[in-house]
Amino acid sequence: WLDPTRSMVCVELIFWVGYHGFLLFRKMIAAIEKRDYKLAALELYNSELGKKYSRRTRELAELMWEESK
């Protein structure tokens, strides 16, 4: 039920942090389940990963956000 762009964001995160690491993004996943993609983008950007790797995380968050127009 995710469009290709959002699916790619999730797949890249799983590749980057592993499946179990991805599951730690509870707030982002909850926002995706509600189809609140702007909130999902904010949760990703404001995560610990976002603070550590701000450039790439921002790019992924922007992809998640932009598709919600």
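The model is predicted, so local features need pLDDT of at least 70 and side-chain atom pairs count only at pLDDT 80 or more, while totals for chains, interfaces and linings use all residues. Residues are numbered from 1 along each chain as its sequence is written, and side-chain values use heavy atoms, with hydrogens and water left out.

**Overall fold**

The protein chain has six helices and zero strands. Helices (H or I, at least four residues) and strands (E, at least two) are DSSP runs, numbered from the N terminus. Read from that end, the order is α-α-α-α-α-α. The radius of gyration is 11 Å, close to the 11 Å that the globule rule gives for 69 residues, so the chain is as compact as a globular protein of that length. That radius is taken over C-alpha atoms, and the globule rule is 2.2 Å times the number of residues to the power 0.38. The C-alpha trace spans about 25 × 20 × 20 Å along its principal axes.

Contact means heavy atoms within 4.5 Å. Among contacts with a separation of 6 or more, 53% join residues 24 or more positions apart.

**Surface and charge**

The accessible surface comes to about 4700 Å², and carbon and sulfur atoms hold 56% of it. Areas come from the Shrake-Rupley method with a 1.4 Å probe; for residues, only the protein chains shown count as cover. Of the 69 residues, 32% are buried. Buried means under 20% relative accessible area, exposed over 50%, and partly exposed in between (1.4 Å probe, protein chains only).

The chain carries 12 positive and 10 negative charges, and their mean positions are 3 Å apart. Lys and Arg count as positive and Asp and Glu as negative; His and the chain ends are not counted. Each charge is placed at NZ of Lys, CZ of Arg, CG of Asp or CD of Glu.

**Nonpolar core**

A nonpolar core is a set of buried Ala, Val, Leu, Ile, Met, Phe, Trp, Tyr and Cys residues joined through side-chain atoms within 4.5 Å. The largest one has 17 residues, and Leu13, Met28, Ile32, Leu44 and Met64 touch the most other members. Helix H1 (4-17), H3, H4 and helix H6 (54-66) each give two or more residues to this core.

Leaving out residues up to four places away in sequence, leucine 44 touches Val9, Leu13, Phe25, Met28, Gly50, Thr57, Leu60 and Ala61. Threonine 57 lies in helix H6. Phenylalanine 22 sits in helix H2 (residues 19-22). Beyond four places in sequence, phenylalanine 22 touches Cys10, Leu13, Ile14, Val17, Met28 and Ile29.

| Residue | Relative accessible area | Class |
|---|---|---|
| Threonine 57 | 1% | buried |
| Phenylalanine 22 | 10% | buried |
| Arginine 35 | 53% | exposed |
| Glutamate 33 | 57% | exposed |

Arginine 35 is in the loop between helix H3 (26-33) and helix H4 (37-45). Its phi is near 60°, a positive value in a residue other than glycine. Glutamate 33 belongs to helix H3.

**Distances across the chain**

Glutamate 33 and leucine 2 are 31 residues apart along the chain, with 9.6 Å between their C-alpha atoms. Phenylalanine 22 and glutamate 48 are 26 residues apart, and their C-alpha atoms are separated by 12 Å.
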